[in-house]
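Subject: Structure handover and what was found in it

Dear colleague,

Here is the structure I promised to pass on to you.

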Amino acid sequence: MPVGQGFAGIGFIYKIAKSILVSCGARLSPFDIKELRALMAYDELELNTIGDKKTALFVIISDTDSTFNFVAAMAYSQLFNILCTKADDEYSGQLPVHVRLLLDEFSNIGKIPQFEKLIATIRSREISASIILQSQAQLKSAYKDNADTIAGNCDTTLFLGGKEKSTLKEISELLGKETIDSYNTSESRGQSKSNSLNYQKLGKDLLSQDELAVLDGGKCICMLRGVRPFLSAKYDITKHPNYKHLSDFNKKNAFDIEKYLKEMRKPHPPVTPGEPFDFSDFEDADMIREIDPA
């Protein structure tokens, strides 16, 4: 091989390696943030314990900044995989405690890998997901051709109202038609007067798109698999017996993250003077050190 071609080949490989490193650096750039590294440094979620006992896990992300949406998507993906494996290996295919995921603002939490396959298989393992969207178009924007597969695997559809055209069209088609009676009368006048009456049965949309667009804000439409759709009143949350525990009822019920972290920094149970213990510094979780209080 001529020397010039050899140097050209090395230069091409160098460019490819440089491109790979630049792409990798761009993908990992969020981990330049100290707080994110601290969050990912160790496992405190214990996802493998969900499904064994009653547990509530809240995943709260920004609805205006999508920079860290991938973290939530990773958590959801790992949760599905762990719970499915746990159900198969430890509980003969079904978790002892049903796990329900309330995926609010589903289109803004990041794309969950292979969700169209997961939603079709998790129900047999005592896992369910409630997908909450502003419109059907959001689901198609995030999951493209798999949007119909995801919607088709949901046995319940609850329409709370909206104005997005494709959503209104789909709901109207799902509601089906109703039978109406049509009467047509005609009268002709000339040398002799004649009257005619025509009667026929016709099909009409149960609720047209324009009727759905102006649906009463206090009403909703529920469609269950195997049951005819029905119109219902929305539940008044203020009448729920546990409403008194919400921050909407009393501001004192609001969760104080700073107070929680302060309590987490304290050793539990209290440390005996002179006894060494492990302390995790939340200000710099990259380093866990052993401290001797004495």
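In which loop does Leu 45 lie? Leu 45 sits in the loop that runs between helix H2 (34-40) and helix H3 (69-90). Please keep in mind throughout that this is a predicted model. With a relative accessibility of 44%, Leu 45 counts as partly exposed, and together with Leu 57, Val 59 and Ile 61 it forms a nonpolar patch on the surface, the four residues having about 290 Å² of accessible area together.

The overall picture

The protein has nine helices and nine strands, and of its 294 residues 20% are buried.

Salt bridges

The count of salt bridges comes to seven. One of them pairs Lys 86 with Asp 52, with the closest N and O atoms 3.2 Å apart. That pair links distant parts of the chain, given that Lys 86 belongs to helix H3 while Asp 52 is in the loop between H2 and H3, 34 residues apart. Lys 86 is buried, at a relative accessible area of 9%, whereas Asp 52, at 32%, is partly exposed. Asp 52 and Lys 86 are also linked with Glu 90 in a network of salt bridges.

A salt bridge also brings together the side chains of Lys 177 and Asp 205, with 2.8 Å from N to O. Lys 177 lies in strand S4 (residues 177-188) and Asp 205 in strand S5, so this pair ties together parts that are 28 residues apart in sequence. Of these two partners, Lys 177 is exposed, with a relative accessible area of 58%, and Asp 205 is partly exposed, with a value of 29%.

There is also a salt bridge between Lys 204 and Glu 211, where the closest N and O atoms are 4.0 Å apart. Lys 204 is partly exposed at 31% relative accessible area, and Glu 211 is likewise partly exposed, at 32%.

Ser 208 is found in the loop between strand S5 (194-205) and helix H8 (209-213). Is Ser 208 buried or exposed? Its relative accessible area is 18%, and Ser 208 is therefore buried, the cut-off for that class being under 20%. The side chain of Ser 208 is joined to that of Asp 210 by a polar contact of 2.4 Å.

Helix H5 and what covers it

In helix H5 (residues 136-143), the buried residues are Gln 136, Leu 139 and Tyr 143. Why do the buried residues of H5 line one face of the helix? Seen down the axis of H5, they fall within an arc of 60°, and so they line one face. The cover over these buried residues includes helix H4 (115-121), helix H6 (147-152) and helix H7 (165-175). Just after H5, Lys 144 takes a positive phi of about 50°.

Helix H7 also contains Thr 167, a residue that is buried, with a relative accessible area of 13%. Apart from its neighbours within four places in sequence, Thr 167 is in contact with Ser 135, Gln 136, Ala 137 and Phe 159. Gln 136, one of those contacts of Thr 167, is also among the buried residues of H5.

Pro 229

The loop between strand S6 (219-224) and strand S7 (230-233) holds Pro 229, which is partly exposed, with a relative accessible area of 22%. Which residues does Pro 229 touch, not counting those up to four places away in sequence? Pro 229 touches Leu 174, Leu 175, Cys 222 and Met 223. For Leu 175, which is 54 residues away from Pro 229 along the chain, the C-alpha atoms of the two residues are separated by 6.4 Å.

Terms used:
Residues are numbered from 1 along each chain as its sequence is written. This is a predicted model: local features need pLDDT of at least 70, side-chain atom pairs count only at pLDDT 80 or more; totals for chains, interfaces and linings use all residues. Side-chain values use heavy atoms; hydrogens and water are left out. Patches are made of residues with over 30% relative accessible area and no salt bridge: like charges are joined within 9 Å, nonpolar side chains (Val, Leu, Ile, Met, Phe, Trp, Tyr) within 5 Å. Accessible areas come from the Shrake-Rupley method with a 1.4 Å probe; for residues, only the protein chains shown count as cover. Helices (H or I, at least four residues) and strands (E, at least two) are DSSP runs, numbered from the N terminus. Buried means under 20% relative accessible area, exposed over 50%, partly exposed in between (1.4 Å probe, protein chains only). The arc is that of the directions from the helix axis to the C-beta atoms. Contact means heavy atoms within 4.5 Å. A polar contact is a pair of N or O atoms within 3.5 Å; within protein, one must be able to donate a hydrogen and the other to accept it, and residues adjacent in sequence count only if both atoms are side-chain atoms.
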